[in-house]
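Colleague: Please take one part of this model and go through it closely. I would like to know what lines it and what lies around it.

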Amino acid sequence: ALHAGLLNEQAETKRLADQQRRVQEAMTVLLSTKDIHAQLDRLLQHLMDVFPISRASVVLWDAYGHLERVVSRGVQAPELPLEQWSDKLRLVSERGRIVRLDQDYVTRVMQGRPVLLVPLKTPEDTVGCLVLVAESTLALTEEDEGLLGTFAGQAALAIYQSQLIDRLQTSQVRVVQSERLAAIGTLVAGVA
């Protein structure tokens with residue numbers, strides 16, 4: 001019995017080490033490219049390697065609150081009517097915790113597969129969520145929820161970084177335009 005317990009503990013330790021390795025690989029990918037779609041797609045790939053997920057999507061809300069699907073992966077499950085559920089997804093995501101959707105209408109649409117919503121929180125706001133369609137049986141342990149939270153945190157960080165880069169580029173364009181207008185004003189004043 002003691003030997004069997006040690007073997008089980010060793011197998012669990014190996015599984016956790018493998019999950020940590022995959023999280024580290026995902027973080028490396030996030031830091032290595034500036035393309036947000038490639039980052040999120042790779043993150044979903046690692047997520048689907050770690051958990052029994054048949055479809056994963058990252059959905060974001062734009063500045064006007066409209067749903068924007070950024071990346072989806074997996075084809076073994078029916079697709080959720082995300083556009084119809086936009087308001088519900090936003091409401092649930094703003095609670096800031098992982099939510100398992102197992103209401104009757106979700107189960108009917110998804111043919112018995114559970115759906116998990118994992119919020120994507122940046123330092124400024126909840127910008128979206130991971131929509132994960134799991135296999136028919138998915139029991140999340142506390143470690144699993146922590147790992148999902150880590151994946152969501154990395155995705156939110158990538159999104160936040162992308163938003164900051166976009167703002168910086170927009171600001172740079174405005175500064176260059178302002179400098180050009182100032183130079184033209186100086187030239188016109190000199191001619192006058």
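Modeller: Helix α5 contributes the most residues to the lining of the largest pocket, four. Helices (H or I, at least four residues) and strands (E, at least two) are DSSP runs numbered from the N terminus. A pocket is an open set of points on a 1 Å grid over the protein atoms alone, where a 1.4 Å probe fits, with protein on both sides within 12 Å along at least five of seven lines; lining residues have an atom within 4 Å of a point. The model is predicted: local features need pLDDT of at least 70 and side-chain atom pairs 80 or more, while totals for chains, interfaces and linings use all residues. Residues are numbered from 1 along each chain as its sequence is written, and side-chain values use heavy atoms, without hydrogens and water.

The largest pocket holds about 290 Å³, a volume being the space filled by probe spheres set on the points, which are joined across faces, edges and corners. Its lining has 13 residues, and those nearest the centre are Leu-60, Glu-68, Ile-159, Gln-163 and Asp-166. Two or more lining residues come from each of α2, β1 (53–61), β2 (67–73) and α5 (142–191). By type, the lining of the largest pocket has seven nonpolar residues, three polar and three charged; Ala, Val, Leu, Ile, Met, Phe, Trp, Tyr, Cys and Pro count as nonpolar, Asp, Glu, Lys and Arg as charged, and the others, Gly among them, as polar.

Helix α5 has 50 residues and reaches 73 Å from first to last C-alpha, close to the 74 Å expected at 1.5 Å a residue (the expected span is 1.5 Å times one less than the number of residues). Its buried residues (under 20% relative accessible area, 1.4 Å probe, protein chains only) include Leu-147, Phe-151, Ile-159 and Tyr-160.

Buried residues of α2 include Leu-40, Leu-43 and Leu-47.

Leu-47 is also in the largest nonpolar core, a set of 30 residues in which Leu-47, Val-58, Leu-120, Leu-130 and Leu-132 touch the most other members. Such a core is made of buried Ala, Val, Leu, Ile, Met, Phe, Trp, Tyr and Cys residues joined through side-chain atoms within 4.5 Å. Elements giving it two or more residues are α2, β1, β2, β4, β5 and α5, and α5 supplies the largest share, eight. Apart from this core lies another, of 12 residues, among them Val-59 and Cys-129.

As for the strands, β1 pairs antiparallel with β5 over seven bridges (pairing needs at least two DSSP bridges), and Ala-56 has Leu-132 of β5 as its bridge partner. Nine of the nine residues of β5 are buried, so β5 is largely enclosed by the rest of the structure. In β4 (115–121), six of the seven residues are buried.

Terms used. Buried means under 20% relative accessible area, exposed over 50%, partly exposed in between (1.4 Å probe, protein chains only).
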